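Here are a few friendly notes to read beside the structure. Please keep it in view as you go.

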Amino acid sequence: MNDQPSGFHAEVTRRIYEAQHREISADPETFRRIVGQYDGTTFGIDPDWFKGKTALDAGCGNIGAMIRKLHSLGVAQIVGCDIGEGWIEPLSANLTDLECRVDLLHGDVLALPFENESFDFVSVNGVLVQLETMGHVRRGFAEGARVTKHGGYYFTSYGPCGGVMQGVIMPALREHYRRDAEFKMLIDTIRPDTIDAVVDKVVADARAHAGQSLDGDFLKSLFGWDYCVFLRNFIQCPTCWTNECTPAVVESWYEEEGFGEVRRLETYCVRSDIRKFFAPLHYDRYHWMSRILYGEGYVQYIGRKP
Ligand SMILES: C[S@@+](CC[C@H](N)C(=O)[O-])C[C@H]1O[C@@H](n2cnc3c(N)ncnc32)[C@H](O)[C@@H]1O
């Protein structure tokens with residue numbers, strides 16, 4: 001297993017997410033959705049359990065959604081870590097209204113700068129799948145497990161796994177992004193205006209060539225900032241191990257690290273763009289069309305260290 005701390009790879013990933021997170025923060029609707037993504041969830045734990053506890057959000061990024069969620073559950077002290085330091089000031093500025101203690105610092109998930117059993121609740125959310133190799137993914141998982149206190153909970157999230165969408169289309173898009181300069185430029189710069197201009201062309205040409213009247217405003221309403229960020233999120237990342245992090249693999253890691261009460265968590269992703277038509281199938285893991293489109297479905301787990 002490769003257990004060297006992350007280097008250049010993590011810095012590249014960080015730069016990509018820093019740019020994405022800046023755009024998310026600049027668009028109020030997208031920011032609200034991302035910050036609100038944990039509304040209603042208590043990660044399958046009695047909400048009273050969180051009161052007065054300590055928590056770590058490893059690979060926290062710039063938005064602070066998980067930190068806000070943990071604060072709302074009554075956690076007394078939250079540490080957020082990520083690669084580098086450029087994200088610390090903007091995130092601190094976003095969190096000034098929180099009443100609990102929040103410490104933000106540089107911390108590599110492959111070598112977390114904390115003693116064993118430091119935190120009651122540890123979250124590693126959407127981070128492990130971005131690491132350079134599957135050896136790193138396993139090592140990062142072990143690091144989160146190491147810093148979880150006995151009696152504490154360890155939440156990890158990996159994203160959608162397999163099916164036509166993640167198993168076929170997304171890897172093909174990532175490959176095309178690496179090979180085709182024009183496609184890369186499109187994804188790197190895509191914004192709602194880009195899509196609106198294409199819709200205008202399609203509506204005008206359909207009218208001119210076929211006398212058809214397409215509803216351009218409706219089409220535009222299906223693609224906003226949130227959709228553009230989603231495309232970048234899944235296509236720009238240099239590595240993405242979502243298809244390898246199957247439920248069976250993740251469950252085996254919790255078991256190997258000695259965790260009990262291991263449960264797979266479910267979340268309905270509320271969307272306002274074109275993905276709202278797919279969200280029900282994304283959520284229901286057993287429908288035949290869900291299996292075809294989304295394979296194993298969204299993979300996220302919680303376990304308790306005995
Ligand atoms: C998809 S974002 C998720 C951010 C946040 N956890 C969330 O759910 O919004 C992935 C994050 O992992 C961070 N990351 C990548 N490699 C890392 C590493 N080796 N150690 C710590 N963080 C890392 C990136 O900088 C980025 O902020």
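1. Residues are numbered from 1 along each chain as its sequence is written. This is a predicted model, where local features need pLDDT of at least 70, side-chain atom pairs count only at pLDDT 80 or more, and totals for chains, interfaces and linings use all residues.

2. Start with helix H1, residues 8-26. Helices here are DSSP runs of H or I with at least four residues, strands are E runs of at least two, and both are numbered from the N terminus. H1 spans 27 Å from first C-alpha to last, close to the expected 27 Å (1.5 Å times one less than its number of residues).

3. Which residues of H1 are buried? They are Ala 10, Thr 13, Arg 14, Tyr 17, Gln 20, His 21 and Ile 24. Seen down the axis of H1, these fall within an arc of 135°, so they line one face of the helix. On the other side, Phe 8, Glu 11, Arg 22 and Ala 26 are exposed. (Buried means 20 or more other C-beta atoms within 10 Å of the residue's own, exposed 12 or fewer, with C-beta atoms placed from the backbone.)

4. The buried residues of H1 pack against helix H2 (28-35), strand S2 (77-82) and helix H10 (225-235). From H1, Gln 20, Glu 23 and Ile 24 meet Trp 225, Val 229, Arg 232 and Asn 233 in H10; contact means C-beta atoms within 7 Å.

5. H2 also touches H10: Glu 29, Thr 30 and Arg 33 meet Trp 225, Asp 226 and Val 229.

Conventions. The arc is that of the directions from the helix axis to the C-beta atoms. Two residues are in contact if their C-beta atoms, placed from the backbone, lie within 7 Å.
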